[in-house]
Amino acid sequence: MAEENRFKDLPSRYDPSKVESGIYQIWEKAGYFNADRDSYRRPYTIVIPPPNVTGILHMGHALNNTYQDILIRYHRMLGYNALWMPGTDHAGIATQNVVERKLAKQGLRRQDLGREKFVQEVWNWKEEYGSTIIRQLKRLGASCDWRRLRFTMDSDYSLAVRYVFVHLYKKGLIYQGNYIINWCPRCHTALADEEAPKKETQGKLYYVRYPIKDRKEEFIVVATTRPETILGDTAVAVNPGDKRYKDLVGKKVILPIINREIPIIADDYVDPEFGTGAVKITPAHDPDDFWVGKRHNLDAPVVIDSEGKMTDLAGPYKGLDRFECRKQIISDLQRLGLVEKIEDYIHNVGHCYRCDTVIEPYLSRQWFVKMKPLAEPAIKAVKEGRIRFIPSRWTKVYLNWMENIQDWCISRQIWWGHRIPVWYCVDKGGNRTDCPPIVEMEDPKVCPNCGNTNLVQDGDVLDTWFSSWLWPFATFYWPKDDPDVKADLEYFYPTNTLVTAPEILFFWVARMIMAGLEFMGEIPFSDVYLHGTVRDDTGRKMSKSLGNIIDPLEIIEEMGADALRFSLISITAVGQDVYLSRSKFELGRNFTNKIWNATRYILSHLLPEVRDTDWEKGLLTLEDRWILDCLSQTIEKVNDALKNYRFNESANLLYDFFWHQFCDWYIEATKIDRGKEIKVNQQKILLYVLEHFLRLLHPFMPFITEEIYQRLKEVMNLSGQTIMLMPYPQEGGRKDPGARQRFELVKSLIYHLRNMRTQVSLRPSDRPDVLLSGPKAREVLESVELVRFLARVGKVEEIEEGKRPSESLAGVLPGLEFFLVLSGLVDVRREKERVRQQIQETQNAIEKKELLLSNANFTNRAPKNVVEEERRKLEELRDTLKRLEALYDDLKGD
């Protein structure tokens with residue numbers, strides 16, 4: 001009873017809801033997450049991919065941030081000065097949309113408020129709701145240095161954004177020009193190519209006849225997917241090598257509906273194999289046509305406006321929605337006999353990454369960054385191995401994109417964001433003068449060219465990614481001229497690892513590399529770990545519209561953050577997608593319960609003499625040496641896996657060690673009564689292994705490991721205030737190959753004896769004898785107590801080789817033959833008859849299954865998963881039959 005009183009407050013059941021929040025508050029209050037410059041320790045730095053300020057925690061966040069927290073906690077325990085820099089992104093379009101929807105419920109538009117009041121309304125919303133994602137990350141256990149929390153619209157961060165714009169502008173890398181951009185008619189803003197992903201779309205290919213001027217009843221037929229843009233055509237183009245049209249180059253056609261003359265031109269851009277080999281050229285509404293128009297000095301009439309409606313230049317279709325115009329113009333062309341045919345056609349169509357609206361290629365004046373000069377050193381850094389991608393397959397993807405990089409459209413026609421720091425000199429009527437734009441670090445008061453004080457700022461804001469590409473160094477208050485800022489940057493930059501998703505490899509990762517090299521003269525990080533996408537168990541991406549979202553906060557509420565974290569990591573292979581269902585989180589919950597119950601058993605049975613883990617080497621049993629060897633191997637393998645980003649491998653190593661080696665075998669073995677001296681020694685080993693395991697597991701399951709560690713401190717006289725600052729176990733030289741080999745043989749014997757008991761339906765109280773022969777028999781007999789206790793058998797003795805006792809089951813292992821003696825316990829003849837009947841029943845079941853699967857009506861018409869399940873059952877039946885036949889042959893009578 002005395003030993004039980006030492007842990008009378010240990011609950012019988014682990015309840016994470018009563019533990020996690022309290023532990024987190026202690027950690028945060030004690031400053032355990034904080035990282036300040038320390039010349040005696042090496043830094044390890046991760047900058048968090050800043051979640052949108054509008055965000056709430058989803059499974060993608062949970063996976064991403066669990067990876068980061070594992071790395072941070074692991075390196076903190078390795079002795080690094082580990083900094084996890086937190087922050088949120090202002091998320092221009094997304095946040096503006098949220099606030100506009102809020103206003104709409106009040107019957108208001110942003111235009112009703114005006115720019116200044118609307119922006120203030122967004123700030124108000126941010127102050128009220130913007131910290132939601134931060135609170136949720138804390139629920140997950142994220143050990144960020146929250147003192148350093150940054151926001152991409154902070155005043156100091158805005159200074160960095162402005163500095164970068166001015167720097168690139170003065171260097172000639174930022175320019176303004178009329179170009180075809182991706183335009184979202186719903187969000188009313190330009191989008192970069194990466195923000196307008198193309199989706200395979202079922203459409204139509206319309207073959208339209210353009211009458212050739214002065215050639216009655218002669219036409220040139222063009223194929224188009226967008227007949228509404230015919231109204232903006234300024235040429236028809238053919239390939240100069242296409243002999244079909246050689247005589248028509250230089251002639252003119254009559255543009256249908258509008259009846260405007262346009263030329264037939266020759267350009268290498270045209271693919272003779274597409275459609276009829278003749279294509280319409282609409283410079284204002286197609287990016288390729290835009291450049292053809294430039295080469296041939298063509299006009300570029302805009303016939304679709306920023307709302308996605310037809311302009312005045314569209315003639316009779318003015319004011320129609322673009323897709324309504326498409327229907328109407330095809331109807332009119334068919335009436336005029338100018339539609340030759342219409343085919344179904346699958347093509348890739350750009351969609352807004354925010355609202356999924358079909359984007360409109362749109363000719364407008366925008367701000368751009370010249371990317372090729374910035375890309376060159378970023379390509380070199382990866383080719384030289386200074387930056388590596390994990391998995392490595394992403395290296396090729398990155399290089400391919402960088403080597404074909406296009407200029408970056410950075411202006412957005414919204415109000416929430418970093419306003420472009422460009423001012424224009426205007427006259428009293430508000431018209432721009434001939435003075436060049438003013439781009440400086442300070443807001444100008446007068447025009448430096450003419451002295452005019454009437455200045456207006458550019459109305460656009462910068463792309464959200466223009467601020468977040470500075471994240472690895474702007475979060476440290478760069479370019480502030482302050483000794484502390486410079487010292488922090490020198491110490492913590494470059495950062496070490498970036499953990500993110502492949503979807504933002506181009507949006508963010510590549511641009512951060514370019515920015516780091518341009519402004520800091522150094523790469524921003526050395527390793528980029530790209531994890532997969534979270535999907536449901538059928539492979540579909542999780543989304544609200546599909547109704548297949550699993551809320552991580554619900555899982556945390558129900559099972560705890562540790563269960564969520566461990567489940568996610570253990571089932572997700574390196575760089576692969578993760579397939580989730582609610583049931584898969586039971587793995588983590590069950591593991592949590594197993595750890596707690598094993599700990600309760602160990603602590604509740606401790607003898608009063610056990611006050612440390614200084615065991616006597618001379619008292620070590622075979623199982624003691626084996627578990628210490630297993631621990632040593634696990635330590636080595638887990639460290640190797642973590643250093644190489646094999647997170648799931650390290651998690652599964654820990655699971656297997658604790659559940660299947662420590663609990664299933666070692667704890668059970670320590671229940672053998674070998675006297676008090678050995679019991680005390682083994683209890684010290686139990687504590688030693690448990691404490692080392694908790695430290696190994698802590699980065700994955702921080703809460704339960706801390707809770708148990710605090711209870712072990714009293715018993716083990718541990719000096720550390722928190723497990724998170726204890727050293728991460730390293731290989732301790734306790735490998736014991738001899739013990740490993742011997743114990744594995746004993747384990748295998750016990751495993752087979754247990755199976756034999758089950759096969760012949762022995763009662764739990766039955767204790768059959770075991771006879772051994774062969775060169776390994778004596779070795780096994782040295783551990784006879786283990787075999788008797790764990791296999792629940794009677795006497796274990798050696799017999800002469802080649803002799804088999806009657807009424808026994810036989811088995812063979814390397815160097816060992818063994819027999820389970822059934823005499824007096826089982827009626828072998830009756831048992832043999834029982835097995836024979838089972839064989840007959842199994843054969844009948846196999847015949848029925850084979851008949852079903854040979855029926856084409858079933859295999860062709862039944863759902864695929866049903867057929868596969870029937871095939872699986874058939875294989876199980878065949879395997880059962882083999883085992884039954886082997887048992888039948890093995891049952892030996894008199």
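Biologist: In this predicted model, over how many bridges do strand E5 and strand E14 pair?

Modeller: The model is predicted. Strand E5 covers residues 174-184 and strand E14 covers residues 360-369. One point of this pairing is tyrosine 175, whose bridge partner in E14 is phenylalanine 368.

Biologist: Is helix H4 roughly parallel or roughly perpendicular to helix H6?

Modeller: Helix H4 spans residues 92-104, and helix H6 spans residues 115-129. Their axes lie 10 Å apart, and the helices pack at an angle of about 100°. Because angles of 65 to 115 degrees count as roughly perpendicular, the relation of H4 to H6 is roughly perpendicular.

Biologist: Which residues of H6 make the contact with H4?

Modeller: On the H4 side, the contact is made by Thr95, Gln96, Val98, Val99, Glu100, Lys102 and Leu103. By class, the contact has six nonpolar, two polar and three charged residues. The H6 side consists of Phe118, Glu121, Val122 and Trp125.

Biologist: How many charged residues does the contact of H11 with H16 have?

Modeller: The axes of helix H11 (residues 372-383) and helix H16 (residues 505-520) come within 9 Å and cross at roughly 105°, which means that H11 is roughly perpendicular to H16. H11 contributes Leu374, Ala375, Pro377, Ala378 and Ala381, and H16 contributes Ile513, Met514, Leu517 and Glu518. By class, eight residues are nonpolar and none is polar, and the number of charged residues is one.

Biologist: Which helix and which strand each supply at least two residues of the lining of the largest cavity?

Modeller: A search of the whole structure finds one cavity of 30 Å³ or more, and the largest cavity holds about 40 Å³ of space. Its lining consists of Gly92, Ile93, Glu195, Tyr353, Arg412, Ile414, Trp416, Val461, Leu462, Asp463 and Thr464. By class, this lining has six nonpolar, two polar and three charged residues. The elements that each supply at least two of the lining residues are helix H4 (92-104) and strand E20 (461-462).

Notes: Residues numbered from 1 in each chain as written. Predicted model: local features only at pLDDT ≥ 70, side-chain atom pairs only at ≥ 80, totals over all residues. Heavy atoms only, no water. 1 Å grid on protein atoms, 1.4 Å probe; cavity = no way out; pocket = protein on both sides within 12 Å on 5 of 7 lines; lining within 4 Å. Points joined across faces, edges and corners; volume = space filled by probe spheres on them. Helix = DSSP H or I, 4+ residues; strand = E, 2+ residues; numbered from the N terminus. Nonpolar A, V, L, I, M, F, W, Y, C, P; charged D, E, K, R; others polar. Axes fitted to C-alpha atoms, helices over the stretch in contact; angles between N-to-C directions. Parallel < 35°, antiparallel > 145°, perpendicular 65-115°, else oblique. Contact = heavy atoms within 4.5 Å. Pairing = 2+ DSSP bridges.
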